[in-house]
Every structure is written in C-alpha cells, then in structure tokens.
Amino acid sequence: MRRETYNEFRRLCQEHNLAATHQREKIYEALVSRPGHYSPEEIYEQVKQDLPSISLATVYKNLKTFLHAGMLREVSPHHGSWRIDANRHPHHHLVCTHCRSITDLDFDSLGPVKLHGKLPSGFRLEKFTIEAQGICKACTAAETKQH
Ligand SMILES: [Zn+2]
Ligand SMILES: [Zn+2]
C-alpha cells in the first residue's frame, strides 16, 4: 500500500472510531487504489488476491461498517446492485441509462442547488446529490456504428 493511502486509512479510522484492522486496510486499499464505483463482489475479488482466506461476508460486513461510519458513501441505490463509491470527495454522478456505467461529475461543474419552498415537515435535509442520466461515450459510439 502506498504510504499516503495507509496514513489516510489510519487517520480515517481514528476519526470515525474504527479499529484499523489488517482486513479493513486491504478493503480500503482495494477501493481507493482504482477510482470507480464497485460492487462488494468486485472488491472481494480484489482483496482476495492479498488475503485468500477472506470471505465475501467479511467484505460485506466491513463495507457496511465503513458506510455507517461515514468513511465511504454508496452510489444511489436505484440501480439494482449495491455499489460503493471510492471517491470520498463531494461529487455528482453521470449515469448511462444504457450500460449503467457511472462517471463522477465534479461538484463545481454545477451551480449551487437550492430548494424552493418548504420541505415536508420532519424531513431533515443533509445534502443534495445530483444524478444526471444520459448515454455514455462508449454506448454512443456503439450506436453510431450500428446505423
Ligand atoms: Zn453506456
Ligand atoms: Zn462517484
């Protein structure tokens, strides 16, 4: 693991009151070493290369712990499968309606989002996340080829 990643992992665990175990370290590393939005199964495949005895259930459990602690976030759950976002910085998502690929959109590329009118009573707003849908580059290229 890169020293920087390791230090970040230690700092995050401390900040969120989690024990910095070796398993968690490997799971965290698998996530942040390649930017993307991964399913627990994909993370498991990656972690298994370093820790052959780890189980999918353990990976699930630790990912849930990361999410509950606020160390990581999950991608909007409307896409069927559970995906964890390796990008911890605030950002929006571009979702391809065709292949379901997810691309990060810089937070600054949208203006401030404002709410007009009142929230339903009792709803405590925490943040806005924008999900823009469209057709990704690869799908557009494939479509053009077909015609
Ligand atoms: Zn696509
Ligand atoms: Zn993302």
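**Note on the predicted model**

1. Thr-103 lies in strand β5, where strands (E, at least two residues) and helices (H or I, at least four residues) are DSSP runs numbered from the N terminus. At 41% relative accessibility, Thr-103 counts as partly exposed; buried means under 20% relative accessible area, exposed over 50%, and partly exposed in between (1.4 Å probe, protein chains only). Not counting residues up to four places away in sequence, Thr-103 touches His-92, His-93 and Leu-94, contact meaning heavy atoms within 4.5 Å. Pro-120 is 17 residues from Thr-103 in sequence, and their C-alpha atoms are 31 Å apart in space.

2. On provenance and conventions: this is a predicted model, in which local features need pLDDT of at least 70 and side-chain atom pairs count only at pLDDT 80 or more, while totals for chains, interfaces and linings use all residues. Residues are numbered from 1 along each chain as its sequence is written, chains are lettered from A and ligands numbered from 1 in the order in which they are written, and side-chain values use heavy atoms, with hydrogens and water left out.

3. The protein chain has five helices and six strands. Read from the N terminus, the order of elements is α-α-β-α-α-β-β-β-β-β-α. The C-alpha trace spans about 50 × 45 × 30 Å along its principal axes. Of the contacts between residues at least 6 apart in sequence, 48% join residues at least 24 apart.

4. Buried residues make up 31% of the 147 residues in the protein chain. The chain exposes about 9,900 Å², of which carbon and sulfur atoms supply 51%; accessible areas come from the Shrake-Rupley method with a 1.4 Å probe, and for residues only the protein chains shown count as cover. There are 20 positive and 17 negative side chains, and the centres of the two sets lie 3 Å apart. In this count Lys and Arg are positive and Asp and Glu negative, with His and the chain ends not counted; each charge is placed at NZ of Lys, CZ of Arg, CG of Asp or CD of Glu.

5. Which residues of helix α3 are buried? In this helix, residues 40-48, they are Pro-40, Ile-43, Tyr-44 and Val-47. Seen down the axis of α3, these buried residues fall within an arc of 105 degrees, so they line one face of the helix; the arc is that of the directions from the helix axis to the C-beta atoms. Their cover includes α2 (22-32), β1 (37-38), α4 (56-69) and β3 (84-85). Glu-45 is also found in helix α3, but is partly exposed, with a relative accessible area of 44%.

6. The largest nonpolar core has 23 residues, and those with the most contacts inside it are Ile-27, Leu-31, Ile-43, Leu-63, Phe-66 and Met-71. The elements giving two or more residues to this core are α1 (3-15), α2, α3 and α4. A nonpolar core is here a set of buried Ala, Val, Leu, Ile, Met, Phe, Trp, Tyr and Cys residues joined through side-chain atoms within 4.5 Å. In soluble globular proteins, nonpolar side chains tend to be buried together.

7. Ile-27 lies in helix α2 and, at 0% relative accessibility, counts as buried. Leaving out residues up to four places away in sequence, Ile-27 touches Ile-43, Val-47, Ile-54, Val-59, Asn-62, Leu-63 and Phe-66. Leu-31, leaving aside its neighbours within four places in sequence, is in contact with Tyr-38, Ile-43, Leu-63, Leu-72, Ile-84 and Ala-86.

8. Asn-17, in the loop between α1 and α2, has a positive phi near 60 degrees; Asn-17 is exposed, with a relative accessible area of 71%. Arg-100, in the loop between β4 (91-96) and β5 (102-106), has a positive phi near 70 degrees. At 41% relative accessibility, Arg-100 counts as partly exposed.

9. Gly-70 is found in the loop between α4 and β2 (73-74) and is partly exposed, with a relative accessible area of 48%. From C-alpha to C-alpha, Gly-70 is 18 Å from Asn-7, at a sequence separation of 63 residues. Glu-45 and Gly-70 are 25 residues apart in sequence and 23 Å apart in space, again C-alpha to C-alpha.
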